[in-house]
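This report goes through one structure by topic.

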Amino acid sequence: MTGTMSSPARPSLADALAAGPVVLDGGLSNQLEAAGHDLGDALWSARLLAEEPEAVAQAHLAYYEAGAQVAITASYQATFEGFARRGIGEAEAAALLGRSVELAREAARRASAGRAAGPLYVAASAGPYGAMLADGSEYRGRYGLSVAELERFHRPRLEVLAAARPDVLALETVPDADEARALLRAVRGLGVPAYLSYSIAGDRTRAGQPLAEAFALAAEADEVIAVGANCCAPEDADRAVRLAAEVTGKPVVVYPNSGERWDPKARAWCGSPAFSADRVAGWAADGARLIGGCCRVGPETIAELAAVLGR
């Protein structure tokens, strides 16, 4: 399956990955917070889709200008259920989901008109069920729902995001292999490729399943153009890249956190960053083709990463 926005002058994202490493962006939330926006809200960055859309476009632009070739939309925590709790109806919620893709595409246009070189892509984020709950369960999985129930939750949002014609659907920060099964069912027939990225701890999903088994779910899924891990420790990413490539034979996506640790009691990040551009060449050698950063990884680090990859 090829990307939805390909043309003779612009390869699909799948074709770009086949040609070599592609640079993904960094943490959208930390870039928005650095610009002075308060994300202390159950909707997180999705709130800005309605209230300050230009701020979202500017955050995407900062990453494109730093060398990112793919921007992940602000729809990670955007769900019909979450918006409904804020009094936002179904039609408006669908419009906001579509806006998330439009804002990233607008940032790509601005970047292309400036100093950014090469094709730029948009990944429409679909976070796990636990992200909608906003209670930390996105890092545990095991919600007590069946695969069928999770598929029914994810499908409507994915349909709306797919209709906005992103280059890829980002099924990201997935903590549980059962939820991955649901997501893989939900993307069938949408006409947009997807990548599947687990949130991991060591050699297991956050729900405790062996990563080899979790990655294997994507091996035969034609819709999936890359599989890997994100929102994890950089050292866990080292092992996951090798395993994902070995198990699936697909291009690997990897974008770990900075390595700092969130202290929920102090409501502050602790420790020192362990993410460095020095790890990037190793990931690429092991099969990573879509490479970026997640929480606490900003444009400066993405610029260093892009330089290592020659982008």
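Arg142 sits in the loop between α7 (129–133) and α8; helices (H or I, at least four residues) and strands (E, at least two) are DSSP runs, numbered from the N terminus. The model is predicted, so local features need pLDDT of at least 70 and side-chain atom pairs count only at pLDDT 80 or more, while totals for chains, interfaces and linings use all residues. Residues are numbered from 1 along each chain as its sequence is written, and side-chain values use heavy atoms, with hydrogens and water left out.

The phi of Arg142 is near 55 degrees, a positive value in a residue other than glycine. Arg165, in the loop between α8 and β4 (168–174), also is not a glycine and has a positive phi of about 60 degrees. Most residues other than glycine have a negative phi. Arg142 has 48% relative accessibility and counts as partly exposed; Arg165 is partly exposed at 36%. Here buried means under 20% relative accessible area, exposed over 50%, and partly exposed in between (1.4 Å probe, protein chains only).

## Gln209 and its surroundings

Gln209 lies in the loop between β7 (204–205) and α10 (211–216). Its relative accessible area is 15%, so Gln209 is buried. The side chain of Gln209 makes a polar contact of 2.8 Å with that of Asp176 and another of 2.4 Å with that of Thr205. A polar contact is a pair of N or O atoms within 3.5 Å; within protein, one must be able to donate a hydrogen and the other to accept it, and residues adjacent in sequence count only if both atoms are side-chain atoms.

Apart from neighbours within four places in sequence, the residues in contact with Gln209 include Arg142, Pro175 and Asp178. Contact means heavy atoms within 4.5 Å.

## Salt bridges

The whole structure has 13 salt bridges, each a side-chain nitrogen of Lys or Arg within 4 Å of a carboxyl oxygen of Asp or Glu. One of them joins Asp178 and Arg181 (2.7 Å, N to O). These two are three residues apart in helix α9 (residues 177–186), so about one helical turn separates them. Another joins Arg239 and Asp236 (2.5 Å, N to O), where Arg239 is partly exposed at 42% and Asp236 is buried at 11%.

Arg296 and Glu260 also form a salt bridge (3.2 Å, N to O). This pair links distant parts of the chain, 36 residues apart. Glu54, Glu106, Arg109 and Arg110 are linked in a network of salt bridges.

Helix α6 (residues 90–113) has 24 residues and reaches 35 Å from its first C-alpha to its last. That is close to the 34 Å expected at 1.5 Å a residue, the expected span being 1.5 Å times one less than the number of residues. Its buried residues, among them Leu96, Val101 and Leu103, pack against α3 (47–51), α4 (53–66), α5 (80–85), β3 (121–126) and α8 (147–163).

A nonpolar core is a set of buried Ala, Val, Leu, Ile, Met, Phe, Trp, Tyr and Cys residues joined through side-chain atoms within 4.5 Å. In the largest core, of 78 residues, Leu158, Leu169, Leu171, Leu196, Trp283 and Ile291 touch the most other members. Helix α6 gives the largest share of this core, nine residues. A second, separate core of 21 residues includes Ile72, Val168, Ala226 and Tyr255.
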